[in-house]
Amino acid sequence: MEKTIDIGQYVAIAVKWLMANLRPLFDFIKTTGNAGIESIEWVLVSVPFYITIALFTAVAWKYAGKRIATFTLLGLALIYLMGFWEETMQTLALIISSTVIALIVAVPLGIWSAKSQTAQRIIRPLLDLMQTMPAFVYLIPAVLFFSIGKLPGAFATIIFAMPPAVRLTALGIQQVPGDVLEAARSLGATQKQILFKVELPLALKTLLTGVNQTILLSLSMVVIAGMIAAGGLGEKVLEGINNLDIGLGFESGLSVVILAIILDRITQAFGNKGLN
Amino acid sequence: MKENRPVKIKVEDLVLIFGKNKENALQMLKEGSIKKEILSKTQCTVGINQANFEIYEGEFFVIMGLSGSGKSTLLRCLNRLIEPTSGNVYVNGDNITRKSHRELLDVRRTEMSMVFQKFGLLPHRTVLENVAFGLELRGEDKETRETKAQQAIDTVGLHGFERQSPAQLSGGMQQRVGLARALTNDPEVLLMDEAFSALDPLIKTEMQDELLGLQNKLKKTVVFVTHDLDEAIKLGDRIVIMKDGIIEQIGTAEEILTNPATPYVEAFVKKVDRKTIITAGTLMHEKPTHVRFGKDGPEGTLRKMRSTGLDVLPVVDEQNTFLGFVWVADAVQCANRQEKTVESILLTNVPTVSIEVTVEEMLPLITATRSPIAVIDWDSKRLLGIVSQNSVVIEATRFNEQEITKLKEHANNS
């Protein structure tokens, strides 16, 4: 069928306009962003593997218990022994930076949409769009704005991973019981005091679930971001696909799974302990 | 009732309207339209319809009504947790409704604290931190906070629970935390919204008693909202009864029970156990026909009895001091004996009560005697009135005179 409505054309025009007019801004973001990601990566890669493993195991032990700690120890050791340590650390660096930035944007958005009907009406459909749009699509503007590399990878990841954090922050704040809010107001609390002393602490558990979701979505996206030379495990997975190397594909995929489980269990444990 | 106590809170023409078309609704309300008309014409609900009342300093003031009557809403208008649509609320003569947001925060932080039905405690904080919360919001340093909070905790009997989290406590204990939190700010006014309604009956009674004790000691002005008439009567110095946002009646429990202003109030108070509320003062026949000792002889006494149709009369001296009763049969004999005074037939061993004694307390007095009860001023012993046995029985049983007569006949015949 012939194309009668061409929305794509206008999107392309908008993106082109942005590229032409905001070039210096994108360049600036790219340089600083890359520097940030690379410094995190440098730290993670240059710390000896056994220290990193020990650290992760200790955190898992403290917050998530013996079983998860054992899994963390064995899992990370396996990754190291399979020869994917550096790639895993690169991926981790990308996840950390994407998650941090996603949260910096998502938490205020979540608070805003919990407090204002108008904000909610604008933000909700945007989140729906961001979550349902096929993840690969984000790679296109990322590359157009920032060309290839780690920062566009992080950019696509942030967009893809942010929605649950916004939603769960909003949910957490909306779930704060009315009587608690009323009590705080009756004692003369200001809006700011209510937010920081009542709403955020009470929303913490839900908010941490959002953090957990964001981390896991970041992880799935950074693999896809391997397609635009974001490096890390994604690139190894892609290499396996391109060469039809089932062994490489499985090993790098397994590393992703191990990393995912460790991050998930530890952040979940944080979430459960949030209130105690 | 005239009061000389200073007014703490004054509510003037307070109106609260929910909905978008408030101006029209307000206009209609002022022109005397009723709630239903306003709802159908403007889609606005009238929450509070022109409330006017004063609360005195140190008073225990109860706002009572069923759910939807607007009682909790009215309470929230006092500290503007809900913004009234029009009208004024004065606290210590200061117009709360005109205050800026900043000033309002100060009022909430220093002058009025509130206690909630569902407690409203912060689950992530310990009891001590919860109690100190108000002071924290006020910006006081940690040491002051904890000292004052500790005092409040001791006052409400929570000593030893400071480090526990609210979730570990029972409902009654949690409400003690809520009360302590309100007291920590040392407010002049305590607003309590169904504070004990979520508690089980035994704990509820216990908390009521403790609150009354506290109120006696601390002399706060308390505004207490409840749907429970028994609670209102037990706690309140005065009670406001609300229905559909309208104040139906304001008065003491006894005034409301003995003289309900509207059919609604009347229906409402029907089920109340009046024995414990109605007093001799309400029940007595004031300025009864009496015999003056020394002036009225037996003949005079019989004449008074004939003219009133009574077979027993109280006897007083020149100072109106109550001396006893004389009965018609004795008076006839006395007259036959040609005696000059009623001294020989004066019964002095008769029940006397002061004005605030309740029906429940008078009931035992009418056993084993035919005598009515004399109501006297306890200091001067002056006669104030007479309570007949029948009226005590009527109040205690809610049977009327005819029913009592019928019951008696039935019992005597069988």
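Predicted model: local features only at pLDDT ≥ 70, side-chain atom pairs only at ≥ 80, totals over all residues.
UniProt annotations may be inferred rather than shown by experiment, and their positions are given here in the numbering of this structure. With that understood, an unreviewed UniProt entry assigns the annotation "domain: ABC transmembrane type-1" to residues 88–267 of chain A.

**The annotated stretch of chain A**
- Residues 88–267 of chain A are 84% helix and 0% strand.

**Extent of the interface**
- On the side of chain B, 25 residues are in contact with 17 residues of chain A.
- The two chains bury about 1,800 Å² between them, and carbon and sulfur atoms account for 62% of that area.
- Leu81(B), His124(B) and Leu137(B) together supply 28% of the area that chain B buries against chain A, more than any other three residues.

**Polar and charged pairs across the interface**
- Two salt bridges are counted between chain B and chain A.
- Arg76(B) forms a salt bridge with Glu182(A), with the closest N and O atoms 2.4 Å apart.

**Make-up of the chain B side**
- Helix H4 (101–110), strand E6 (112–115) and helix H6 (133–138) of chain B are the elements that each give two or more residues to the side touching chain A.
- H6(B) provides the largest share of that side, four residues.
- By residue class, the chain B side comprises eleven nonpolar, six polar and eight charged residues.

Key. Residues numbered from 1 in each chain as written. Chains lettered and ligands numbered in written order. Heavy atoms only, no water. Contact = heavy atoms within 4.5 Å. Buried area = accessible area lost by both parts, 1.4 Å probe. Salt bridge = Lys/Arg side-chain N within 4 Å of Asp/Glu carboxyl O. Nonpolar A, V, L, I, M, F, W, Y, C, P; charged D, E, K, R; others polar.
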